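Here are my notes on the charged side-chain pairs, as promised. Have the model open while you read.

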Amino acid sequence: MQSNSDNKLNHLCKLTATGEKIVMLTCYDATFAKLMELAGIDVLLVGDSLGMVLQGAENTLNVSMHHMTYHTKSVAAGAPNTLIVADMPLGSYEHDNEAALKNAQWLIKSGASMVKFEGGGQRVETARYLVSHGVPVCAHLGFTPQSVNQLGGYKIQGKTEESANKIINDAKAMDDAGVSMIVLEMVPATLAAQITKRIKAPTIGIGAGVDCSGQVLVLQDLIGVYTGPANKAPSDFKLPRFVRNFLKDNDSIQEAVAAYCKAVKDQSFPAKEHSY
């Protein structure tokens, strides 16, 4: 008899096999999780973006495992039948594979079906290790928020031939390591399309064009309420190119989430103006 977690992963595999677009949305609590499950969102991402949108910080760097397990439990309570991906925060996976496995299993026990962490290169072996121990993994390539300082800010990745080739090679290596999904953030749409064609795992884009296997947005961006860090004026905030406010043309958050789901499925989102 299949477990509920297996059924959720099988649903993801079915979407990939049929070519139906995968709809992912960030979620941090039970109330919105329940709403999103009812709207038919395929995957809920408990993102370390909570450091910015819930805690008011300028980045994700101070999010802890305790924060992530708390919010993962909350989301799992509200959406028991939806595939939940939980971010592994900075410091929880980079130093050794045993620690990474322990933290990943903590997130799984908290209600996640899959864990996500950033980077290629050395992280490929981390992914392979987790997968070999029964933990489904989502890789995150392109712009990686936990490396914002090293990357010199929020900048498009993969614009040069060298950096594009690195992302391609990392995606292939992660695919070979057995990851279940790859998020591509802020990379040129042509590069994301190329990667999507070359690998077996589905790709989830954010600012990466319509040819990815699916899309993800931050909920607070989708409903147009995020205006930057708590200590800065809203007038100083520049909306990322990949964001679309779905609440503007709908009468409720429920309708906005449903409209986002429909737009991803029929490929009207993202449009060219939302891609790099």
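Predicted model: local features only at pLDDT ≥ 70, side-chain atom pairs only at ≥ 80, totals over all residues.

1. Residues are numbered from 1 along each chain as its sequence is written, and side-chain values use heavy atoms, with hydrogens and water left out.

2. Searching the whole structure turns up eight salt bridges (a side-chain nitrogen of Lys or Arg within 4 Å of a carboxyl oxygen of Asp or Glu). Three of them are worth a look here, starting with Lys265 and Asp42, whose closest N and O atoms are 2.8 Å apart. Lys265 sits in helix H10 (253-265) and Asp42 in the loop between helix H2 (30-39) and strand E2 (43-46), 223 residues apart. Helices (H or I, at least four residues) and strands (E, at least two) are DSSP runs, numbered from the N terminus.

3. Asp42 is buried at 9% relative accessible area, while Lys265 is partly exposed at 25%. The cut-offs: buried is under 20%, exposed over 50%, partly exposed in between (1.4 Å probe, protein chains only).

4. Next, Glu58 and Lys232 pair up at 3.8 Å, N to O. Both ends are partly exposed: Glu58 at 40%, Lys232 at 42%.

5. Lys116 bridges to Asp87 at 2.7 Å. Lys116 is in strand E4 (114-118) and Asp87 in strand E3 (83-87), so the pair ties together parts 29 residues apart in sequence. Lys116 and Asp87 are both buried.

6. Finally, shared partners join Glu20, Asp42 and Lys265 into one salt-bridge network.
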